[in-house]
Amino acid sequence: MTATAETPATAGTPAPVRVWAPRAAAVELVETTPAGAQEARTPMVGEAGGWWRSAAPLAPGTDYLFSLDGGPGIPDPRSPWQPDGVHGPSRTYDAAAFGWTDGSWAGRDVLGAVVYELHVGTFTPEGTLDAAVGRLDHLVRLGVDMVELMPVAAFPGERGWGYDGVALWAVHEAYGGPEALQRFVDAAHARGLAVCLDVVYNHLGPSGNYLGEFGPYFTERHHTPWGAAVNLDGDDAAEVRAFVVENALRWLRDFHVDALRLDAVHALVDDSPRHLLAELSDAVAELSAQVGRPLSLIAESDLNDAAMVTPTGRDLEGRPGRGMTAQWADDFHHALHALLTGERQGYYVDFGAPETLAKALRHAFVHDGEMSTFRGTEWGAPVPDEVDGRRFVVFDQDHDQVGNRALGDRPSRVLDPARQAVSAAVVLLGPGTPMLFMGQEWGATTPFQYFTDHQEPELGEAVRKGRAEEFGTHGWAELYGHDVEVPDPQARSTFEASRLDWSEPDDGPDGPHSRLLGWYTDLVRLRHTEPQIASGDRTRTEVRTGDGWLVMSRGDLDVVAVWADDGARVPRAGAGDVVLAWDPDAVEDGDGAVTLRGPGVVVLRA
């Protein structure tokens with residue numbers, strides 16, 4: 001059944017369906033058979049504010065469409081289930097009927113958590129939420145605290161990243177539908193794992209997007225990279241804002257999700273007195289108080305502005321706080337990736353020096369009011385020292401930074417295990433909230449490429465062309481050669497190539513994948529057991545750099561990272577006990593220095 005945030009579903013109680021269609025003179029409910037044939041058209045009852053409701057309740061499992069002013073039936077904007085795809089009938093779903101077993105789950109805040117991002121369709125051979133449950137014990141052994149699912153809202157076709165979703169209240173059928181998501185969250189909580197869901201509110205995909213037929217969901221006053229912006233600040237925007245806020249609350253309340261990652265919030269253009277993000281933050285805080293567990297909001301923001309993680313009701317140098325719990329820190333990724341790989345093309349142009357990584361570790365943003373060459377303008381603002389470092393999610397891989405490369409290749413293509421170990425230590429032992437991307441814990445060699453499954457030939461061709469043209473702006477020819485061929489996003493082979501190979505970490509105790517997995521597990525354990533590592537106090541993080549090396553001091557622990565081919569002699573104040581080392585036999589400590597005879601990393605206690 002469909003339910004708003006104000007009237008959550010009650011198990012076993014059929015309810016009317018409601019739809020906001022302020023431009024329609026008449027709305028009909030079209031009930032269909034499971035095969036999609038029209039069964040009955042019933043006039044809906046008009047209500048205040050442009051809302052319409054069905055004349056009678058609909059039982060769970062009923063298929064239906066809405067007809068506006070006698071037009072063809074189209075899916076419900078708040079459809080909880082699209083079993084026949086985004087163009088097919090909606091189906092009512094009783095979210096309150098699920099038999100939860102997580103009554104003792106106290107929740108988990110994202111701050112300081114070890115986050116693990118995965119794509120449901122390629123995480124397992126089966127590509128479903130139920131199959132993903134079978135791999136949760138692997139994440140428990142690794143020490144993960146929170147699993148982040150790439151978008152599961154219904155999108156066109158069977159395979160895709162999910163950022164072109166159009167039925168934002170439904171769970172993609174190929175992943176198992178709405179109950180499968182509830183089963184996944186329940187199983188995760190049983191293992192002590194929190195769940196974060198990636199949601200996209202800044203745009204909808206081009207295929208199956210019927211929102212504009214129902215009301216003023218979009219506006220030409222603002223534009224985004226995807227076209228007209230979502231209408232958040234017009235005189236008629238109140239219900240559009242409510243659509244977003246209530247959708248977020250539904251995942252947190254009815255599906256017991258612990259956190260939401262908000263895609264590209266800089267594209268949520270909102271000139272109203274109270275930004276949508278602040279409104280959402282306050283609504284989530286209220287729900288958190290009601291359910292008695294922490295609920296987090298994580299923003300992907302390109303603004304490099306700590307006002308994003310400043311509480312609502314407070315300003316940061318005159319900029320109103322948006323109230324997000326945390327935000328992604330792409331500058332950290334760029335600084336670390338460019339340093340270890342030597343890449344300088346495209347948006348890596350300002351990155352690569354050791355002192356640039358030091359700045360990212362200590363100050364979160366590299367572009368904090370300085371010139372951004374790639375953008376062609378000054379960018380960002382400084383982060384005050386008192387802002388907790390855990391409010392910045394840091395990573396050396398994620399779906400964007402791998403999947404938006406021309407070949408979808410991972411750092412393992414060019415980095416040996418020792419340098420991958422260096423990268424892992426910097427991510428997991430720094431002051432930020434660390435995030436891993438599926439498979440990196442064993443140095444996965446499978447790519448993660450961009451793939452789609454649009455059924456309209458013209459749209460599929462437009463995606464192919466657009467993808468190739470987009471890569472031209474990122475300097476990929478400099479890296480791969482001018483004859484590089486971008487994998488066809490529409491080809492099933494592109495999707496199949498992106499599936500994880502779970503045989504890799506089973507390469508034996510001396511295998512490179514198994515060894516790297518053990519290293520990641522040891523790093524996560526160290527993060528969990530050493531309070532000074534878990535701390536987000538950036539003022540107690542000191543970073544020294546030299547030719548081919550870096551020392552990150554966290555309290556009385558020194559993380560000595562060396563990426564130079566021939567190793568390095570790193571000066572330090574006195575000897576120390578080795579807490580953890582990638583290759584203990586390659587470490588010499590004494591005479592006022594620690595020496596690594598090749599690339600690697602060692603953690604020492606002063």
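Visitor: How far apart are the mean positions of the positive and negative charges of the chain?
Guide: They are 3 Å apart, for 48 positive and 92 negative charges. Lys and Arg count as positive, Asp and Glu as negative, while His and the chain ends are not counted. Each charge is placed at NZ of Lys, CZ of Arg, CG of Asp or CD of Glu.

Visitor: Where does the model come from?
Guide: It's a predicted model, where local features need pLDDT of at least 70 and side-chain atom pairs count only at pLDDT 80 or more, while totals for chains, interfaces and linings use all residues. Residues are numbered from 1 along each chain as its sequence is written, and side-chain values use heavy atoms, leaving out hydrogens and water.

Visitor: OK, how many helices and strands are there in the chain?
Guide: There are 16 helices and 31 strands. Both are DSSP runs numbered from the N terminus: H or I over at least four residues for helices, E over at least two for strands. The chain is as compact as a globular protein of its length, because its radius of gyration is 25 Å, close to the 25 Å that the globule rule gives for 606 residues. That radius is taken over C-alpha atoms, and the rule is 2.2 Å times the number of residues to the power 0.38.

Visitor: What share of the residues count as buried?
Guide: 61% of the 606. Buried means under 20% relative accessible area, exposed means over 50%, and partly exposed is in between, using a 1.4 Å probe and protein chains only.

Visitor: And which residues have the most contacts inside the largest nonpolar core?
Guide: Leu-149, Leu-260, Phe-332 and Trp-519, in a core of 150 residues. Such a core is a set of buried Ala, Val, Leu, Ile, Met, Phe, Trp, Tyr and Cys residues joined through side-chain atoms within 4.5 Å. Helix α11 (residues 417-429) gives the most to this core, nine residues.

Visitor: What does Trp-519 touch, leaving aside neighbours within four places in sequence?
Guide: Its contacts (heavy atoms within 4.5 Å) include Ala-421, Ala-424 and Ala-425, along with Leu-580, Ala-581, Trp-582 and Val-601. There's also a second, separate core of 15 residues, with Trp-105, Met-146, Ile-298 and Met-435 among them.

Visitor: Switching to helix α9, how many of its residues are buried?
Guide: Eight of 10, so α9 (residues 354-363) is mostly covered. Lys-359 and Arg-362 are among the buried ones. The buried residues pack against α8 (330-341), β20 (370-372), α11, β24 (541-546) and β25 (549-554). Just after α9, Ala-364 has a positive phi of about 75°.

Visitor: Is His-256 buried or exposed? And Asp-591, buried or exposed?
Guide: His-256 counts as buried, at 18% relative accessibility, and sits in the loop between α6 (238-254) and β15 (259-262). Asp-591 is exposed at 78%, in the loop between β29 (587-590) and β30 (593-596).

Visitor: Last one: where does Asp-263 lie?
Guide: In the loop between β15 and α7 (276-291). Asp-263 is buried, at 7% relative accessibility. Asp-263 and Val-200 are 63 residues apart in sequence, yet their C-alpha atoms are 5.1 Å apart. Other contacts of Asp-263 include Tyr-163, Asn-202 and Glu-300.
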